[in-house]
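Subject: Structure for you to look through

Dear colleague,

I am handing over the structure we spoke about, and below it you will find my notes on what turned up. Please read them with the model open beside you.

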Amino acid sequence: APERARVHPCIELQGELDQVLDHLGGLDVVQVLVEGGAAVAAAFHAASLVDQYVFYLAPALFGGDDALALFRGAGARTISDLWRGRLSGIRQVGEDLRVDVHR
């Protein structure tokens, strides 16, 4: 890591994405970890604000018609509308699998 790199404690922000990111930029933050539900994920994805996705796959299944999707809202209408990334890392973490995907 660069000599000036720092890790900041977790903070919770809300509001319009551009305003939240401008606020963080004013604090000299250049990288953030975003955790939230499907609506937050969909908003960042739709605004093309994601450089890397990290998925954890666990050997546990749940779901059904009422299970939440990864993103809320409408999905890709056609194959050509799909978001395509590239796998940049796969490793086992305990019983789970971590999959890193970059755009």
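This is a predicted model: local features need pLDDT of at least 70, side-chain atom pairs count only at pLDDT 80 or more; totals for chains, interfaces and linings use all residues.

Since Y53 belongs to strand β1 while W83 sits in the loop between β1 and β2, the pair ties together parts that are 30 residues apart in sequence. W83 itself counts as partly exposed, at 37% relative accessibility.

The count of aromatic pairs comes to three. Another of them joins Y53 to F71, with ring centres 6.2 Å apart and planes at 65°, so it is edge-to-face. F71 lies in the loop between β1 and β2 (86-93), and so its pairing with Y53 in strand β1 ties together parts 18 residues apart in sequence. F71 is partly exposed, with a relative accessible area of 27%. Together, Y53, F55, F71 and W83 make up one aromatic cluster.

Next come the salt bridges, of which the structure holds two. In one, R103 is paired with D51, and the closest N and O atoms are 2.6 Å apart. This pair links distant parts of the chain, as R103 is in the segment after β3 and D51 is in the loop between α2 (38-46) and β1 (52-57), 52 residues apart. R103 counts as exposed, at 52% relative accessibility, whereas D51 is partly exposed, with a relative accessible area of 48%.

The side chains of D100 and R98 also meet in a salt bridge, at 2.8 Å from N to O, and here both residues are buried. R98 is found in strand β3, and it counts as buried because its relative accessibility is 18%, where the cut-off for buried is under 20%. The side chain of R98 also makes a polar contact with the side chain of Y56, at 3.3 Å. Leaving aside residues up to four places away in sequence, R98 touches several others, including Q52, V54, F55, G89 and I90.

Finally, there is a nonpolar patch on the surface, formed by L57, L87, I90 and L97, with about 380 Å² of accessible area together. Of these, L97 is found in strand β3 (residues 96-102) and is partly exposed, with a relative accessible area of 32%.

Methods:
Residues are numbered from 1 along each chain as its sequence is written. Side-chain values use heavy atoms; hydrogens and water are left out. Patches are made of residues with over 30% relative accessible area and no salt bridge: like charges are joined within 9 Å, nonpolar side chains (Val, Leu, Ile, Met, Phe, Trp, Tyr) within 5 Å. Accessible areas come from the Shrake-Rupley method with a 1.4 Å probe; for residues, only the protein chains shown count as cover. A salt bridge is a side-chain nitrogen of Lys or Arg within 4 Å of a carboxyl oxygen of Asp or Glu. Helices (H or I, at least four residues) and strands (E, at least two) are DSSP runs, numbered from the N terminus. Buried means under 20% relative accessible area, exposed over 50%, partly exposed in between (1.4 Å probe, protein chains only). A polar contact is a pair of N or O atoms within 3.5 Å; within protein, one must be able to donate a hydrogen and the other to accept it, and residues adjacent in sequence count only if both atoms are side-chain atoms. Contact means heavy atoms within 4.5 Å. Rings of Phe, Tyr and Trp (its six-membered ring) pair if their centres lie within 6.5 Å; planes under 30 degrees apart count as stacked, over 60 as edge-to-face and the rest as tilted.
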